[in-house]
Amino acid sequence: LTVDVGLNTQLYYRNKDFRKYVSIVPTSALTGEGIGDLMMLLIQLTQKYQGKSIGYKDTLQCSVLDVKKAEGLGTTLDVVLVNGYLQEGDTIVLCGLQGPI
């Protein structure tokens with residue numbers, strides 16, 4: 001199908017030349033599998049090809065992707081860190097549907 005429209009594609013983990021081939025990242029809308037790989041690829045390509053255009057600030061800024069309870073750890077977050085630093089043990093307070101998380 002991609003050949004029909006003139007696209008050369010490769011699975012993202014086999015793609016050695018991102019300028020020549022379009023990376024394909026398999027994802028599942030049901031399980032969410034592959035979303036982390038897609039985000040990793042987007043971040044890597046952004047850093048590689050637009051690294052000089054990216055600004056940085058010390059003020060913490062992140063987007064929360066998922067909130068879950070992990071046995072032995074308590075409530076954990078999956079975030080995309082935009083600016084600032086997060087270290088193990090840092091405390092973050094968020095507004096949830098039933099109060100603070």
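Predicted model: local features only at pLDDT ≥ 70, side-chain atom pairs only at ≥ 80, totals over all residues.
Threonine 9 touches Thr2, Tyr21, Val22 and Ile24, leaving out residues up to four places away in sequence. Contact here means heavy atoms within 4.5 Å. Threonine 9 belongs to strand β1 (residues 9-11). Strands (E, at least two residues) and helices (H or I, at least four) are DSSP runs, numbered from the N terminus.

Residues are numbered from 1 along each chain as its sequence is written, and side-chain values use heavy atoms, with hydrogens and water left out.

**Strand β2 and the tyrosine pair**

Isoleucine 24 lies in strand β2 (residues 22-24). Its contacts, apart from neighbours within four places in sequence, are Thr9, Gln10, Leu11 and Tyr12. Isoleucine 24 and threonine 75 are 51 residues apart in sequence, and their C-alpha atoms are 33 Å apart in space.

How many aromatic pairs does the structure hold? There is 1 aromatic pair. The ring centres of tyrosine 12 and tyrosine 13 are 5.2 Å apart and the planes stand at 85°, so the pair is edge-to-face. Rings of Phe, Tyr and Trp (its six-membered ring) pair if their centres lie within 6.5 Å; planes under 30 degrees apart are stacked, over 60 edge-to-face, and the rest tilted.

**Accessibility**

Buried means under 20% relative accessible area, exposed over 50%, and partly exposed in between (1.4 Å probe, protein chains only).

| Residue | Relative accessible area | Class |
|---|---|---|
| Asparagine 83 | 7% | buried |
| Tyrosine 12 | 15% | buried |
| Threonine 9 | 28% | partly exposed |
| Glycine 74 | 34% | partly exposed |
| Isoleucine 24 | 35% | partly exposed |

Strand β3 (residues 61-70) runs antiparallel to β4, and 9 bridges join them. Two strands pair if DSSP finds at least two bridges between them. Aspartate 66 has aspartate 78 of β4 as its bridge partner. Lysine 68 stands opposite threonine 76 in β4.

The two strands form a hairpin with 3 residues between them. In that turn, glycine 72 has a positive phi of about 90°. Glycine 74 is part of β4. Glycine 74 touches Lys68 and Lys69, not counting residues up to four places away in sequence.

Asparagine 83 is also found in β4. Which residues is asparagine 83 in contact with, leaving aside its neighbours within four places in sequence? They are Gly55, Tyr56, Lys57, Thr59, Leu60 and Gln61.

**Two pockets**

A 1 Å grid over the protein atoms alone defines these spaces: a cavity is a set of points where a 1.4 Å probe fits but cannot get out, and a pocket is an open set with protein on both sides within 12 Å along at least five of seven lines. Lining residues have an atom within 4 Å of a point. Grid points are joined across faces, edges and corners, and a volume is the space filled by probe spheres set on the points.

The largest pocket has a volume of about 280 Å³. Its lining is Leu77, Val79, Leu81, Leu86, Gln87, Glu88, Gly89, Asp90 and Ile92. By class, that makes 5 nonpolar, 2 polar and 2 charged residues. Ala, Val, Leu, Ile, Met, Phe, Trp, Tyr, Cys and Pro count as nonpolar, Asp, Glu, Lys and Arg as charged, and the others, Gly among them, as polar.

The second largest pocket holds about 240 Å³ of space. Ile43, Thr46, Gln47, Ile54, Gly55, Tyr56, Val80, Leu81, Val82 and Asn83 line the second largest pocket. The elements that give two or more residues to this lining are α1 (35-50) and β4 (74-83). Strand β4 supplies the largest share, 4 residues. The lining of the second largest pocket divides into 6 nonpolar, 4 polar and no charged residues.
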